[in-house]
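Please open the model in a viewer and keep the selection panel at hand.

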Amino acid sequence: QVQLVESGGGLVQAGGSLRLSCVASGSTFSSYAMGWFRQVPGKERESVVSISWSGVSRYYVDSVKGRFTISRDNAKNTVYLQMNLLKPEDTAVYYCAAGARYLEHVDLRRQRNYDYWGQGTQVTVSS
């Protein structure tokens with residue numbers, strides 16, 4: 001069992017930056033792919049960024065390319081989402097997820113490939 005706890009959300013003006021963190025419990029963090037998803041009320045949760053367990057494969061949704069960066073620190077059991085040049089449309093609850101253990105060729109955009117989810121952290125970008 002893996003527990004995930006997100007932090008770092010908040011209110012920021014458009015053009016600003018935030019760094020989200022997701023800390024995982026246990027000793028198996030390095031074997032999991034990690035993803036960040038986001039959801040706004042009335043819409044489906046969408047994949048934002050993801051990174052495979054090895055760090056070799058990364059996925060970014062087109063709307064955040066060049067602005068968001070995912071990274072992981074296996075020594076700290078933590079995955080980060082650096083968000084720059086934030087826009088009001090980035091406003092959402094952001095969730096981290098872990099899954100696809102030791103798998104490389106998996107569609108990390110698919111929620112079904114993730115086994116564990118955090119509770120989410122709110123990001124609000126004002127215009």
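Begin by selecting Cys22, which counts as buried because its relative accessibility is 0%; buried means under 20% relative accessible area, exposed over 50%, and partly exposed in between, with a 1.4 Å probe and protein chains only. This is a predicted model, in which local features need pLDDT of at least 70, side-chain atom pairs count only at pLDDT 80 or more, and totals for chains, interfaces and linings use all residues. Residues are numbered from 1 along each chain as its sequence is written, and side-chain values use heavy atoms, with hydrogens and water left out.

Which residue does a disulfide join to Cys96? The partner is Cys22, with an S to S distance of 1.9 Å; a disulfide is here a pair of cysteine sulfur atoms within 2.5 Å, and one is counted by this rule. The link of Cys22 and Cys96 is right-handed, with 45 degrees about the S-S bond. It connects distant parts of the chain: Cys22 lies in strand β3 (residues 18-24) and Cys96 in strand β9 (residues 92-99), 74 residues apart. Strands (E, at least two residues) and helices (H or I, at least four) are DSSP runs, numbered from the N terminus.

Now move to Val61, in the loop between β6 (58-60) and β7 (68-73). Is Val61 buried or exposed? Val61 is buried, with a relative accessible area of 15%. Select Ser47 and Val48 as well: apart from neighbours within four places in sequence, these are the residues in contact with Val61, where contact means heavy atoms within 4.5 Å. Then display the C-alpha atoms of Val61 and Arg109, which are 48 residues apart along the chain and separated by 8.8 Å.

Finally, select the whole protein chain and colour it by secondary structure. How many helices and strands are there? The chain has zero helices and eleven strands. Its radius of gyration is 14 Å, close to the 14 Å that the globule rule gives for 127 residues, so the chain is as compact as a globular protein of that length. The radius is taken over C-alpha atoms, and the globule rule is 2.2 Å times the number of residues to the power 0.38. Along the principal axes, the C-alpha atoms fill a box of roughly 40 × 25 × 25 Å. Buried residues make up 44% of the 127 residues. Of the contacts with a separation of 6 or more, 60% are between residues 24 or more positions apart.
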